[in-house]
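Please look through the sequence and the structure shown here before reading on.

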Amino acid sequence: MPELVDYVPNVQDCNELRTKSSLQDFLKFNETRLKQLPCQIFDPISLGEGAGVGWMKDGTDSMAMPEGSTLYDLVDTGIRHTHAAVGVLVHLRKELSLVKDIPVLFAIDQYNNWFTFSEYEEPVTVRSTRPIHARELATVNAFRSMMNDDMMVGAFSHSTAVGKLRQHLPDVPGDARVNLPRYTLDEAASVCHYYLRQRLARRESFSDESWKKIYYLSNGNGSEMRWLMPFMR
């Protein structure tokens with residue numbers, strides 16, 4: 001099991017407030033480990049990255065971590081200084097790629113959205129704006145590529161909403177997609193009981209017979225089973 005887990009917000013939430021919240025969660029659950037890991041990269045950290053952040057009033061555009069800093073100090077800096085939050089998250093990705101003694105997992109929300117347009121826009125004229133593509137966001141550029149020497153990226157999704165075939169997506173290998181088999185009966189049982197606990201089906205309607213009907217009706221297709229659960233009678 002990974003000993004360091006970092007949740008990366010989806011492209012719709014790549015702003016300084018959501019990034020700060022992500023750093024706070026990372027610090028909360030990994031504080032002890034982070035205090036043991038020294039910073040290994042001392043490149044300047046960009047300030048003012050992220051939608052709606054803006055530049056520092058004094059014109060400062062970067063900051064550096066002092067020598068002897070730990071990853072705890074780095075994350076804490078991103079939490080305490082709003083202008084540094086996104087820059088720290090990008091820097092943290094580089095630092096964690098150098099951690100070899102313990103497993104590290106990045107959990108990326110809605111990875112598919114990182115190949116489409118974000119919800120942000122940039123003013124062009126007084127009356128018009130330009131949509132900003134996800135590739136223009138610093139956080140996306142730091143985490144999106146599937147072609148790395150220092151980390152492995154895997155994505156799990158039922159969605160086919162990405163606009164281009166995977167062969168045309170930047171930094172995605174042509175053989176990246178692996179089709180997962182349909183649920184076995186035992187797997188379907190576990191999933192259906194999980195859905196029951198999540199109240200996707202009424203308890204009085206749930207039975208071995210009813211969930212098996214859904215399983216055989218969907219032929220083990222996970223997405224269809226999820227859609228059919230609320231209709232269980």
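**Briefing on the predicted model**

Helix H5 (residues 185-197) packs with helix H6 (residues 208-218) at an angle of about 120°, their axes lying 10 Å apart; helices here are DSSP runs (H or I) of at least four residues, numbered from the N terminus, and axes are lines fitted to C-alpha atoms over the stretch in contact, with angles from 0 to 180 degrees between N-to-C directions. This is a predicted model, in which local features need pLDDT of at least 70 and side-chain atom pairs count only at pLDDT 80 or more, while totals for chains, interfaces and linings use all residues. Residues are numbered from 1 along each chain as its sequence is written, and side-chain values use heavy atoms, with hydrogens and water left out.

**How H5 and H6 pack**

- H5 and H6 are therefore oblique to each other, a word for angles that are not under 35 degrees (roughly parallel), over 145 (roughly antiparallel) or 65 to 115 (roughly perpendicular).
- On the H5 side, Leu185, Ala188, Ala189, Cys192 and His193 meet Trp211, Lys212, Tyr215 and Tyr216 of H6, where contact means heavy atoms within 4.5 Å.
- The residues of this contact between H5 and H6 divide into seven nonpolar, one polar and one charged, with Ala, Val, Leu, Ile, Met, Phe, Trp, Tyr, Cys and Pro counted as nonpolar, Asp, Glu, Lys and Arg as charged, and the others, Gly among them, as polar.

**Salt bridges**

- The whole structure holds six salt bridges, each being a side-chain nitrogen of Lys or Arg within 4 Å of a carboxyl oxygen of Asp or Glu.
- One of them joins the side chains of aspartate 76 and arginine 80 at 2.7 Å, N to O, and these two residues are separated by about one helical turn because they are four residues apart in helix H2 (residues 71-80).
- Glu122, Arg130 and Glu136 are linked in a network of salt bridges, in which the glutamate 122 to arginine 130 pair meets at 2.8 Å, N to O, and the closest N and O atoms of arginine 130 and glutamate 136 are 3.0 Å apart.
- Arginine 80 is exposed, with a relative accessible area of 52%, whereas arginine 130 is partly exposed at 30% (exposed means over 50%, buried under 20% and partly exposed in between, with a 1.4 Å probe and protein chains only).

**Arginine 18**

- Arginine 18 is found in helix H1 (residues 16-36) and counts as partly exposed at 23% relative accessibility.
- Arginine 18 and valine 86 are 68 residues apart in sequence, and their C-alpha atoms are 9.4 Å apart in space.
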